[in-house]
Amino acid sequence: MATETDTPEELIKSLDHPMPDRRWLSVLQILQYTGVADTRQIQDASRLTRDKTMRSLEHLTIHSLNGFPLISLIDRTIKRPGEIKRPASVYRLEEGGARLLRKIGFEDAHVCELKENVQILHSLSMLSVHLEATKAKTFSIVTDHNLDFGDDRHIRPDHLVELTKDFRYLIEIEQEAT
């Protein structure tokens with residue numbers, strides 16, 4: 001049963017009712033880094049049990065904001081190279097979720113428009129690096145943002161890791177080698 005709301009405030013109340021601990025927000029926050037996340041990444045990063053993770057994803061999947069879904073399940077299996085376990089389900093941040101995140105202070109949240117498996121796998125890999133780096137807490141990481149330099153020039157690395165004020169690394173993840 002789909003649940004549509006007209007305002008972010010109504011949506012927040014509707015999401016808070018079954019999830020007063022606001023676990024729905026931690027799931028959306030994880031999705032906003034790269035636009036996609038698999039269930040294992042969401043469970044690990046949010047520190048929710050498997051059941052709470054799945055219920056949170058179910059609630060977010062059936063809700064919409066002004067007719068725009070919050071998240072969606074990618075409707076195919078995407079197997080990571082080298083992965084032995086059964087592939088985890090992958091979710092995508094949609095327009096309603098991005099609008100809600102922007103309304104509550106995540107200005108950079110945007111809809112995920114990735115369609116191809118290689119693009120999605122690339123973003124899943126970027127998210128894995130980001131989540132592991134945030135666990136370390138000894139340095140900062142910025143994922144998938146423009147870095148401006150000079151006159152109207154910028155680059156968009158997968159990650160900027162700042163070890164100290166004067167020492168930074170740019171990290172690019174390559175998904176295919178020829």
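Modeller: Residues are numbered from 1 along each chain as its sequence is written, and side-chain values use heavy atoms, leaving out hydrogens and water. In this predicted model, local features need pLDDT of at least 70 and side-chain atom pairs count only at pLDDT 80 or more, whereas totals for chains, interfaces and linings use all residues.

Biologist: How many salt bridges does the count come to?

Modeller: A salt bridge is a side-chain nitrogen of Lys or Arg within 4 Å of a carboxyl oxygen of Asp or Glu. By this rule, the count of salt bridges is 11.

Biologist: Which residue forms a salt bridge with Glu 9?

Modeller: Helices are DSSP runs of H or I with at least four residues, strands are runs of E with at least two, and both are numbered from the N terminus. Glu 9 lies in helix H1 (residues 8–16) and its partner in helix H5 (residues 95–103), so the pair ties together parts 94 residues apart in sequence. The closest N and O atoms are 4.0 Å apart, and the partner is Lys 103.

Biologist: Is Ser 64 buried or exposed?

Modeller: Ser 64 is found in strand S3 (residues 63–65). Buried means under 20% relative accessible area, exposed over 50%, and partly exposed in between (1.4 Å probe, protein chains only). Because its relative accessibility is 11%, Ser 64 counts as buried.

Biologist: In which strand is the place of Phe 149?

Modeller: Phe 149 has 35% relative accessibility and therefore counts as partly exposed. The strand that holds Phe 149 spans residues 147–149 and is S8.
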